[in-house]
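User: I would like to know how the labels used for a structure follow from their definitions. Please take them one at a time.

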Amino acid sequence: MKAISTTNTDVSRSRWFRSWGYHAEFYAQTWRGSVASSVLFPILYLASLGIGVGHLVAHHHGLVDGQTYLHYIAPSLLATTTMQLGEGESLWPVLAAVKWVRTYHAAATTPLEPDDILIGKLAWVATRAFVTAVFYTIIIGFFGALQSWWCLTLPFIGTLVTLAFSAPLVAYAARSQSDASFTTLYRFAFVPMFLFSATFYPLSAYPGYLRPVVQFFPLYHGVALARAAAFGQGAMAAQLGHAAMLVAMAAVGIAWGRRTMRRRLTD
Amino acid sequence: MIDSHILEAHHLVKRFGDFEAVRGIDIAIDRGESFGFLGPNGAGKTSTMRMISAVSQPSDGTISIFGLDPRTDGPEIRSRLGVVPQEDSLELELSVRHNLEMFGRYFDLPRRIVRERATELLEFTQLTERANDKVDNLSGGMKRRLTIARGLMNRPEILILDEPTTGLDPQARHLPWDRLYRLKREGVTLIITTHYMDEAEQLCDRLVVMDQGSIVAEGAPRSLIERFSTREVVELRFMTDDHEEYFERLSPFAERVEVLPDRILLYVNNGDDTLRDVHAAQITPSSALVRRSSLEDVFLNLTGRSLTE
């Protein structure tokens, strides 16, 4: 009996997990530079806008959707932060790995398959997103913006937002020849999305004809979801709709990335 | 399967769109052999290497490595191969040692083993003193040695090297060569691409000459030279813009004459005798050199072009 049970105990780490571990170890060596942008900046935003603009808002309207302005924008900054993490991790680092430095090509000469390299990367980005979102949830808790047990889902919402952006952007970067279009993406997609996804004021502040445009932005769904979780408000069906949008983006991104990564590394 | 080739490829083809980079080549490599692909840039060497390292799939033909099929057993094959790609592809921000250890983890080697091997290989490639330096600060030769060390982390049975010393100073090439020679003595099968004929002559037991995606000759370096060139070569330079004008006058003195942009090559058996005859015929080159034939001459003879142009 014993002989039979020991034959297969030599379980090796699955291959995508080795790629995850590589990213984790790389981060352990180089994390210092990235802490400011992922933790400090959102806090500065929150402090400056929440306290400064919040002061003005309190004078004019009092509350926004029943919240103080600081509380109102705190969850949306969790969504924008995790979006920005997804963007930052997925364009230049991936193009460097497939073209400039070619570290993914080096990885492709090991037992890893292109799928392992892709999934390991996304799993690592998701890990960072989760940790960042946990920190961030605690911080906005200190600011008093958490009003429901649903706030425990915020780290998962943050991770989902990151993946919704990271997966398609990794796929896109894996097929890019230069970074010329990346800057364009930032200028004409990411920055407007950051500003106009009902991030800093409610959808009702937009004229009627612009609302469908805002609702078309992926970040809008992340912001709405984060807000609903923090305050415990909103219809469940609507939240599921928002989540489904983000899941769909991540899923399409992964499917696309499997193709582009394979083509880039094995052609 | 015992005693069969460690690597075999039949009718290997690689197409990129309409362009055929590799045009139906056959190779068979024995265990412990050191095998070379010699050819100029664009000959299809790198495409071939990527296929036989079980990374890229052939457009046509079959490959067997360790008796396994890369289409179905890629990860298993790659776990027993070491690859030194043309570009170093190292993590520039990390230390020399971290580059090795992290790469070793791709093979799922335990941390202790990875650490031991990294130490061993740093010694082997004479990088021990630089172990904690950032890779960015290394010289080209050191980076190359580190890439070779990285390719050895999994103790591969076959080490595949794509242009191992291209871009290095002549003196920086000797250490890699020496180390590869040691590996060969330890029984590692080496597969090397190069466009340096001296590298091919130093390292390869046997090689194929590639040109435009096809194999144009195969054999040991010495036997290729015997088969496709004469024993000696006389190189003559004249004060002229066009060496072609000397072709007719020099033809009678040699078995074969090649005109290059800056010189004329006479293929002969005894260079000193030929040079004396040329001088006797009142032909006065501005400089003259007698040397032994090399693989460069083989390539020139087979393709009409120079290896390094």
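**Labels and their grounds**

Analyst: In chain B, the C-alpha centres of domain 1 and domain 2 lie 39 Å apart. This is a predicted model, in which local features need pLDDT of at least 70, side-chain atom pairs count only at pLDDT 80 or more, and totals for chains, interfaces and linings use all residues. Residues are numbered from 1 along each chain as its sequence is written, while chains are lettered from A and ligands numbered from 1 in the order in which they are written.

User: What are the bounds of the domains of chain B?

Analyst: Domain 1 covers 7-225 and domain 2 covers 230-292. Such bounds come from an automatic or database domain assignment.

User: How do you know that β1 and β2 of chain B pair?

Analyst: Two strands pair if DSSP finds at least two bridges between them. Strand β1 (residues 7-16) of chain B has eight bridges to β2(B), in the antiparallel sense, so the pair meets the definition. Within this pair, L12(B) stands opposite I25(B) of β2(B). Strands themselves are DSSP runs of E, at least two residues; helices are runs of H or I, at least four, and both are numbered from the N terminus.

User: What makes β11 and β13 of chain B edge strands?

Analyst: The open sheet of four strands has the order β11-β12-β10-β13 (chain B), with antiparallel pairing. β11 (256-259) and β13 (287-292) of chain B each have a single partner strand, so one side of each is left without a neighbour in the sheet. From one strand to the next, the twist averages 20°.

User: Which strands of this sheet does helix α10 of chain B touch?

Analyst: Helix α10 (residues 271-280) of chain B touches β10, β12 and β13 of chain B, and its direction makes about 35° with that of β10(B). Contact requires C-beta atoms, placed from the backbone, to lie within 7 Å. The angle is between N-to-C directions, from 0 to 180 degrees, of axes fitted to C-alpha atoms, for helices over the stretch in contact.

User: Where in chain A is confidence lowest, and where is it highest?

Analyst: pLDDT is the predictor's confidence in each residue, from 0 to 100. In chain A, helix α1 (residues 2-6) is lowest at a mean of 35, and helix α8 (residues 154-174) is highest at 98. For chain A, the mean is 91, and 95% of its residues reach 70 or more. Over residues 1-11 of chain A, pLDDT stays under 50, and the model has zero contacts beyond four places in sequence for them. Where pLDDT is low, the predicted coordinates should not be read in detail.

How values were computed. Contact = placed C-beta atoms within 7 Å.
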